[in-house]
Amino acid sequence: MSRVLDGVEFLVRQAVREILDSYGIEKSQVDATPLRSSRICLGSVGFASHELRGSILCVGPRETWKALYIRGFDDPTMAAEPSEEALCDPAGEFTGMVVGNFKRALEAYGHSIALTTPLAVGGLVVRYPEPVGSVSRLIAYDTALGLLHARLDASIEEGFELPARPQNEHGASGNLMLL
C-alpha cells in the first residue's frame, strides 16, 4: 500500500509543480512546518472513485495568495488591495487547477475520479480540518510568492494500483485562473 500511496502523492506533487511552472513561479520543496501568519487562506477540492477517494487542500498565508492574485492581472495597479474574499478566491482556483492536473494524471494511468466544487476559506486562524481519508501527506513549497502547503488526504481501497508507467501519455494542459 505504501508504494501506491507514494505514487498518488507523487502525482499531487507533480500537479502542484505543473501549475507553479505554468505561472513561471520559482519554487523549492521544503520541510512541512506549521504556517505562521496572521491570515491564512485554504482551498479544498474532494475527489472520488470506487477505489480512491479523498481531498487535496492548498494552504498559504494571505501574502502568498495576494501575490498570485496580482500576478494573474499582469498589472499590479489593478489589484493593489484586493478584498479579503478576493484573496481567498485564488486559493480555491489554484486548488481546482491542481486537482484538475491530478485527475488528468490519474486518467493517464487508467483511473477516473469525480471532483467536488472548489471551496475556499480564510481567516485569522485556520486549522487544517481532520483528514478525510485513512492517510494524509503534507507537501510544502517555498515559492517566489511565499510559502505554500498542499495536503493529500486519501482512502485507497485494496486493489487500487498505479502501473509502473502511464497507459497513455498526456500532454501538458493549459491553465486558466478565473477571478
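Guide: Gly159 counts as partly exposed because its relative accessibility is 49%; buried means under 20% relative accessible area, exposed over 50%, and partly exposed in between, with a 1.4 Å probe and protein chains only. Keep in mind that this is a predicted model, where local features need pLDDT of at least 70, side-chain atom pairs count only at pLDDT 80 or more, and totals for chains, interfaces and linings use all residues. Residues are numbered from 1 along each chain as its sequence is written, and side-chain values use heavy atoms, with hydrogens and water left out.

Visitor: Okay, where does Gly159 lie?
Guide: Gly159 is in the segment after E7. Helices (H or I, at least four residues) and strands (E, at least two) are DSSP runs, numbered from the N terminus.

Visitor: And how many Å separate the C-alpha atoms of Gly159 and Leu52?
Guide: Those C-alpha atoms are 10.0 Å apart, while the two residues are 107 residues apart along the chain.

Visitor: What about E7 itself, how many of its residues are buried?
Guide: 10 of its 11 residues are buried, so E7 is largely enclosed by the rest of the structure.

Visitor: Which way do E6 and E7 run?
Guide: E6 and E7 are antiparallel and joined by nine bridges; strands pair if DSSP finds at least two bridges between them. A hairpin of two residues links E6 to E7, and Asp142 sits opposite Leu147 in E7.

Visitor: How many bridges between E3 and E7?
Guide: Eight, again in the antiparallel sense. Gly54 faces Ala154 of E7 in the pairing.

Visitor: Switching to Thr64: buried or exposed?
Guide: Thr64 counts as buried, because its relative accessibility is 6%. Thr64 belongs to helix H2, residues 62–73.

Visitor: What does Thr64 touch?
Guide: Leaving out residues up to four places away in sequence, Thr64 touches Leu145, Gly146 and Leu147. Contact means heavy atoms within 4.5 Å.

Visitor: New topic, H1. What span should H1 have?
Guide: H1 covers residues 2–22, and at 1.5 Å a residue its 21 residues should span 30 Å; the end C-alpha atoms are 30 Å apart, which agrees. The expected span is 1.5 Å times one less than the number of residues.

Visitor: Which residues in H1 are buried?
Guide: Among them are Val4, Leu5, Val8, Glu9 and Arg13. The cover over the buried residues of H1 includes E1, E3, H3, E6 and E7.

Visitor: What follows H1?
Guide: Gly24, with a positive phi near 70°.
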